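Morning, everyone. Please look at the model as I go.

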There are 2 protein chains.
Amino acid sequence: MSRPAYHHGDLPQQALQQALDTLRAESDTAISLRAIAKHIGVSAPALYRHFADRESLLAELAITGFMLLRDRLRDRLRQVDQADSRHALLHIGLAYISFAEDEPNLYRLMFGGRILPKGAHPRLDEAGLEAFRVLEDTVARGQSVGYLKPLPLPLMTATAWSMVHGLSELTIDGHLPGADIEPTLAESVLTLLLDGSRNEQQNQ
Amino acid sequence: MSRPAYHHGDLPQQALQQALDTLRAESDTAISLRAIAKHIGVSAPALYRHFADRESLLAELAITGFMLLRDRLRDRLRQVDQADSRHALLHIGLAYISFAEDEPNLYRLMFGGRILPKGAHPRLDEAGLEAFRVLEDTVARGQSVGYLKPLPLPLMTATAWSMVHGLSELTIDGHLPGADIEPTLAESVLTLLLDGSRNEQQNQ
DNA sequence: TAACAAAGTTAACGGTGATAACATCAAAGG
DNA sequence: CCTTTGATGTTATCACCGTTAACTTTGTTA
C-alpha cells in the first residue's frame with residue numbers, strides 16, 4: 001500500500017538517512033551512491049534525480065549536521081543561567097565539544113575540508129553561519145554585560161571558535177591523551193581561555 | 001643508463017613525491033595508485049611491493065608532513081630569543097599556522113581523520129609526537145621561567161595546541177572571514193590566549 | 001653457474017561515480 | 001475521458017579505482 005514501484009516519494013529523505021547511518025557506522029568515504037540505492041531499493045542513477053552528484057549529497061548531510069549543532073548549542077543555552085556569562089560561555093563550549101564527540105564522522109564531514117571550496121554550496125554556508133551566530137551572540141552578550149574584554153567581536157568569536165574546534169578535533173582524533181585531567185580536559189582548557197578573556201577592569 | 005626496466009631502484013621515493021605533488025595540486029582523494037604508477041612509468045601493482053595499500057602510502061605522506069612541521073617549528077624557535085617566553089610562544093604558534101596555510105591539503109591529511117585509527121601506523125604516531133614535543137618543550141620552558149601559569153603541563157600544552165590547530169583549520173577552510181583584523185587574526189588570537197595564560201604572580 | 005629472493009609484469013575481480021537512452025506513472029488540460 | 005507532458009524511475013554502459021593472483025625478470029649469493 002505504501003510502495004508504488006515508481007515515484008517512491010520519499011527517496012531523498014531515505015537516501016540521506018541511509019547515508020547518515022553509514023557515516024555514523026563507518027566514515028564518509030564509506031558512503032557510496034550504489035550502496036545507498038540498493039539499500040533503499042532503488043537503482044543508483046535514480047539518486048541523480050535528487051542530488052547533482054555524490055558531493056551534493058554529502059553537502060546535504062553536512063547541512064543537517066550544522067542544524068543539529070545549532071540546536072544543540074541553543075538547547076544548552078536554554079538550560080543555563082543567561083545572566084552568568086562565564087557559565088553560559090563555558091557550557092556552550094562544552095556543548096560544542098560534546099556534539100563533536102557524539103558525531104565524530106559527521107563533525108569531520110562538516111569541517112574536514114571534504115566538501116569542495118567554500119561557496120560551492122550556498123545553503124551549506126548559510127547553515128554553518130547559523131550555528132556560528134549562536135556562539136557569536138553568546139560572546140557578544142558576554143561583552144555587553146562587561147564580563148569579556150571589549151575587543152573586536154570577530155576577534156573574540158574567532159578565538160572562542162578556534163579553541164572549541166581545535167579541542168574537538170584533537171579529541172575525536174585521539175591526539176589528546178589526557179582524559180586523566182581534572183575535572184575534564186575540555187572544562188579545564190575552556191576555563192583557562194575564559195579566565196584570559198575576562199575583562200579585569202569591570203568584573204562581571 | 002639510469003633506467004633499468006626492472007629494479008627501478010627509486011620507486012618508493014618517486015611514488016611519494018608524485019603523491020605529494022597531486023596532494024598539493026588537488027586533494028588527498030585525488031591520489032590514485034594507478035595514476036601514480038603511470039606517472040612514474042611503472043605498473044600499478046608494483047607499488048604494492050613498497051606499500052601495503054593506499055592508506056599506507058598516505059600514512060607515509062603524513063609522516064613526512066609531521067617531519068616538515070617539526071622542522072618548521074624548530075627553525076622558527078632558532079630564530080627567536082629563547083629567553084623571551086612570550087615571544088617564543090607567539091612565534092611557534094605563528095609558525096604552526098603558517099605551515100597549515102602553506103600546506104593545507106597535507107595538513108588536513110595529517111589531522112583530518114583520513115587515516116584510520118590512531119595506533120594503526122606506529123611510525124606516524126611517533127612522527128606526530130615529535131612535532132608535538134617541540135610545542136610541549138616550549139610551553140614547559142615558559143612555565144619553568146615563570147612566564148606561564150604553573151598548571152599541569154598536559155593541560156597547558158593541550159590548550160595551546162587546540163588553539164593553533166583550531167585556528168589553522170578554520171583558516172584554511174575559509175571559515176574565518178577576518179583577515180581584516182589588525183595586525184593579523186592569528187597574532188591577535190594568540191596574543192589573547194597568551195595574556196590569559198600568563199602567570200600574574202611572577203611576571204616573566 | 002645454479003638457486004633464491006627481490007622487484008617487476010599482465011590479467012582479472014569487484015566496486016565506484018557518472019551519463020545516455022528508454023520506461024513508467026501522476027497530474028493537468030482540452 | 002483521454003491525451004499529453006514532465007517528473008521520476010529503469011537498464012546498459014563507460015572509465016576509473018584498489019587489490020589480488022600468477023607469472024617473469026633481474027641482482028645477489030653460495
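Start with Arg24(A), which forms a salt bridge with Glu103(A); their closest N and O atoms are 2.5 Å apart. A salt bridge here is a side-chain nitrogen of Lys or Arg within 4 Å of a carboxyl oxygen of Asp or Glu. Arg24(A) sits in helix α1 (residues 11-25) of chain A and Glu103(A) in the loop between α4 and α5 of chain A, so the pair ties together parts 79 residues apart in sequence. Helices are DSSP runs of H or I, at least four residues long, numbered from the N terminus.

A word on the source: this is a predicted model, where local features need pLDDT of at least 70 and side-chain atom pairs count only at pLDDT 80 or more, while totals for chains, interfaces and linings use all residues. Residues are numbered from 1 along each chain as its sequence is written, chains are lettered from A in the order in which they are written, and side-chain values use heavy atoms, leaving out hydrogens and water.

Buried or exposed? Buried means under 20% relative accessible area, exposed over 50%, and partly exposed in between (1.4 Å probe, protein chains only). Arg24(A) is partly exposed, at 42%. Glu103(A) is buried, at 12%.

Now chain B. Glu130(B) and Arg70(B) meet in a salt bridge, 2.4 Å from N to O. Glu130(B) is in helix α6 (residues 122-144) and Arg70(B) in helix α3 (residues 54-78) of chain B, so this pair links parts 60 residues apart in sequence. Glu130(B) is partly exposed at 26%. Arg70(B) is buried at 14%.

How many salt bridges are there over all chains? The search of the whole structure finds 20.

And how many cross the interface of chain A and chain B? The area buried between the two chains is about 3000 Å², with 70% from carbon and sulfur atoms. That area is the accessible area (1.4 Å probe) lost when two parts are put together, summed over both. On the side of chain A that touches chain B, α7(A) gives the largest share, 13 residues.

Technical notes
Helices (H or I, at least four residues) and strands (E, at least two) are DSSP runs, numbered from the N terminus.
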